[in-house]
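Here are my notes on the model you sent over, as numbered points. Have the structure open while you go through them.

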Amino acid sequence: MASVDPVPPVGGLHHVEIWVPALDRAVTSWGWLLGELGWTPFQDWPAGRSWRLGHTYLVLEESPALSSRRHDRLAPGLNHLAFHAGPPAVVDRLVAEAPAYGWTLLFADRHPYAGGPDNYAGYLADGAWFEVELCATVPTGGH
């Protein structure tokens, strides 16, 4: 396993915080996916959970300050998070297993090339319609 530089890179992503309408449901879907992608549990409190990968962590929180319980990925703001997922076979496995954890495949009629002919990926939405893109690492024609 690659070691993590003890000093985070300037400009690197520190953390992402997503406010969710139902923490238990989000922990089921996101906890499974993040674990499959190599993230490890980091923090746990009554209204939230977080997972870490390297210097970056992702927070899910059911904040009492939510102004709405509905997320709209098509409105201004965050549309989706894209993750490196490994080779196409791993993307295929994750997409196949995802429904058991509350994820729905988006753009099924164009899967796995919904992002174009050079982008092998799975697009998933959780129960609150937060979207993730699982990007496959496809070997290039180099040496």
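1. The largest cavity is lined by Val-20, Pro-21, Ala-22, Arg-25, Ala-26, Ser-29, Asp-126, Gly-127 and Ala-128. Its volume comes to about 50 Å³, and a search of the whole structure turns up one cavity of 30 Å³ or more. By cavity I mean a set of points, on a 1 Å grid over the protein atoms alone, where a 1.4 Å probe fits but cannot get out; lining residues have an atom within 4 Å of a point. Grid points are joined across faces, edges and corners, and a volume is the space filled by probe spheres set on the points. The lining splits into five nonpolar, two polar and two charged residues. Here Ala, Val, Leu, Ile, Met, Phe, Trp, Tyr, Cys and Pro count as nonpolar, Asp, Glu, Lys and Arg as charged, and the others, Gly among them, as polar.

2. A word on the source: this is a predicted model, where local features need pLDDT of at least 70 and side-chain atom pairs count only at pLDDT 80 or more, while totals for chains, interfaces and linings use all residues. Residues are numbered from 1 along each chain as its sequence is written, and side-chain values use heavy atoms, with hydrogens and water left out.

3. Now the largest pocket (an open set of points with protein on both sides within 12 Å along at least five of seven lines). About 230 Å³ of space lies in it. Its lining includes Leu-13, Trp-39, Tyr-57, Phe-83 and His-84, and divides into ten nonpolar residues, two polar and no charged. Strand 4 (56-61) and strand 5 (80-86) each supply at least two lining residues, and strand 5 gives the most, with four. Strands (E, at least two residues) and helices (H or I, at least four) are DSSP runs, numbered from the N terminus.

4. Strand 6 and strand 7 pair in the antiparallel sense over two bridges (pairing needs at least two bridges found by DSSP). Thr-104 has Ala-125, in strand 7, as its bridge partner.

5. What does helix 1 pack against? Its buried residues, among them Trp-30, Trp-32 and Leu-33, pack against strand 1, strand 3, strand 4, strand 5, helix 2 and strand 8. Buried means under 20% relative accessible area, exposed over 50%, partly exposed in between (1.4 Å probe, protein chains only); contact means heavy atoms within 4.5 Å. Just after helix 1, Gly-38 takes a positive phi of about 95°.

6. Some backbone spots to check by eye. Most residues other than glycine have a negative phi, and most peptide bonds are trans. Phe-107 has a positive phi of about 55°; Phe-107 sits in the loop between strand 6 and strand 7 and is partly exposed, with a relative accessible area of 29%. That loop also holds Pro-112, which is joined to His-111 by a cis peptide bond with omega of about 5°. Trp-129 has a positive phi near 70° and is found in the loop between strand 7 and strand 8.
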